[in-house]
Amino acid sequence: MADSAARIVMHWFGNGRAAIQSATHRHLRLQSMPALRRTPMAPQRPDAPRTWTRSRTERAWGWARRLLIVTLAGAQSAWASLFFLNLMPQQGERGLELVIVMLFAALFFWVSIGFWTAVAGAWICLTRVDRFAVSRRAPADPAPITSRTAVVMPIYNEPVDRVFAGLRATLRSIDAAGLREQVHCYVLSDSTDPDIQLAEELAWAELIRDLGAEGRVFYRRRRHHINRKTGNVADFCRRWGARYDHMMVLDADSVMDGRCLKRLVEIMDANPQIGILQTAPTPAGRSSLFARVQQFASRLYAPVFSAGLHYWQLGEAQYWGHNALIRLEPFIRYCGLPKIPGRGPLSGAILSHDFVEAALMRRAGWQVWIAYDMDGSYEEPPSTFVEELTRDRRWCEGNLQHLRLFNTPGLHPAHRAGFLVGVMAYLSAPLWFLFLFATTVQLTIEAHVEPEYFPDHRVLFPDWPIWKPELALSLFASTIALLIAPKVLAWLVAVTRGEGARAFGGWRGLTGSLALEILVSSLLAPLRMVAHSTFVVSVLLGIKTVWGGQPRADGDIPWRGALRMFALPSTIALAWGAYLWSLAPEYLWWSVPVLGPLVIAVPLAALTASVGAGRRARDWGFFVTPEESRQPTVLDWTASELARFRSRSLAAGVRASDAARDPRIWALHACMNDDGGYIEGAGHPLLGERERRALHDGPDALGPEEWRALLADNEALAGLHWSIQMQPASSHPGWREPAGDHDRDLMPAPA
């Protein structure tokens, strides 16, 4: 039977027989991975960090810029906090008022840091004067590239059609850039769903057959899913990392233009002190209203904020986990991740690995840069608000772990600051919630406790509570201005660069989209506050994140799902508003921007998830991005590859049971499975209890766990396949249904 599988696969591959390798004269399998070249990768601290020559000017500017940002934000926050203190009825003489002011100061400082970062980024983008931009380090006349790069894509129960459509488009672009011989690609799967496991194998086999990519595109599925994504990447580094100079890490929804990758490699080859080059990925490719708003916002604001981050981070930037080029030798040697000791909620394997790996790379002496002005790096945004919150739950736990890593010896202060920024991205939500709760308690006290006009000690005049609503309104307006000003600066940058407003749908479309994005983000902000506060509390209580695949397809949220997620917060917000109305109706209006969106959270979540609403917004000219006005070639290839996959791929709609039903699918899977139990001349194996049950009761008689075990057992699967093919009358009628969702006309099924 092994000989039959080999003949089917040979026929299916046609002239792609180089994909077939023989481990022995009787055991045939597809060459899905190259030969091992092992190298150790363990957590270690460099005895003597490598020191590269950095100009005194660059070091001085780095510290000066960071000091400037912190000083401006601190002074602004101090002034606003003193102003707010004077608005308190007792001017801070009560302890609760001091707590409220301290919460306000922390939140205002967080907002102020973002404001001044945007101001710095807008200055760079408008003046186009940046002597430290890493893109300026590309050689003017680059030599032919001789270094070797591995494109690494870790996946876990991802939509197979999107993964391999983006990968095909990326490979085509890499070939067009002239890097075919210098770049290899590795798809590293941790998928546990048996249907997805089989679809991944078929999609990879089709890819190497269609693109002639034998020996340069590889696929591996780990048997043991240790440490999730970080463990998957580290496993690649230990087994095959020594074969390459660089590693480009992509997410399952990433797409990379070959010209961008080529320029990154040229920069890294010309600058041996650079350890990580992080691009600023552009979100694209989604159609729901929420996704379109996110794509527009990121495309408009990201150039300003990424340039602002570069302004004060310089060579101590952050790594964002994907769409980044990494120098493998120091990464393998110094960026192995330790486990956080203890048994508390923030212990164990490091989840948000990217910031930590950047800090370890810099600790060892290599620089980390953001290539903020480089186009050609793409990803997909979350399709719905619920999907975004699902991702945030995982990131929240990982970012809070950075509190345990803050005092790691040898880290650069800029990376310690980066840890705090990551923590505040989630900790700011419960601080905001506590601020609202404390102000409500303060209002309750003012409403029910009689003021003490004449205290015990002698005073010349009564102690009157002071109310200054007009000054409170001015402080509220100035805070809103701090939040909106970076968006206005980004609008100004957009209209003065490239095709200007035309790339965003024209002046009306750009300005209208900006106003609508501000409205949508304002409505969703309270929902994020509640969700992030819940995440922080659950993490601190030790409730671990469930590791699941990320949904990446456009689709509406059912109303039932929106009710399940937001019904309780909406009810609490409604009750909170009624309570404020009973205390002081005039104060309720101050709370409407927060409580109002929470009350309408259910319809808001459902509406923003609508694909139809997103398409109507596109038809009306709103939330248009430059990538839609003039679609890059690599994204056009991705869309065409996705359509081809869904209509003609052998992997489209495949189920694990198809490995027993369809001879082509069975043969391809058998030649990829490395269990060694499927040998030519062994004869037809006897059916076990599991296989007999599947044969007589149909494909649905086995659950996912049983199908996963059966796919891993070549001998048992071969016996079931032979019984179905040779004894159709005695098998369940379900086995006579067509395999998959499509009429696969790529080739007739062999007899």
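Which residues in α2 meet which residues in α8?

Modeller: Happy to! This is a predicted model, in which local features need pLDDT of at least 70 and side-chain atom pairs count only at pLDDT 80 or more, while totals for chains, interfaces and linings use all residues. Residues are numbered from 1 along each chain as its sequence is written, and side-chain values use heavy atoms, with hydrogens and water left out.

Now to your pair. On the α2 side, G62, R65, R66, L68 and I69 make the contact, and they meet Y311, W312 and Q313 of α8. Contact here means heavy atoms within 4.5 Å. By type, these residues divide into 4 nonpolar, 2 polar and 2 charged (nonpolar: Ala, Val, Leu, Ile, Met, Phe, Trp, Tyr, Cys and Pro; charged: Asp, Glu, Lys and Arg; polar: the others, Gly among them).

Helix α2 covers residues 56-85 and α8 covers residues 289-313; their axes come within 7 Å and cross at roughly 120°. Axes are lines fitted to C-alpha atoms, for helices over the stretch in contact, with angles from 0 to 180 degrees between N-to-C directions. The two helices are therefore oblique to each other (under 35 degrees is roughly parallel, over 145 roughly antiparallel, 65 to 115 roughly perpendicular, and the rest oblique). Helices (H or I, at least four residues) and strands (E, at least two) are DSSP runs, numbered from the N terminus.

Follow the chain on from α8 and you come to L314, in the loop between α8 and β10 (324-327). L314 has a positive phi of about 50° although it is not a glycine. At 1% relative accessibility, L314 is buried; buried means under 20% relative accessible area, exposed over 50%, and partly exposed in between, using a 1.4 Å probe and protein chains only.

A positive phi of about 50° also turns up at N157, again not a glycine. N157 sits in the loop between β3 (149-155) and α4 (160-176), and with a relative accessible area of 17% it is buried.

As for confidence, the mean pLDDT (the predictor's confidence in each residue, from 0 to 100) is 84, and 87% of residues reach 70 or more. Over residues 22-26, though, pLDDT is below 50, and that stretch has 6 contacts in the model beyond near neighbours in sequence.
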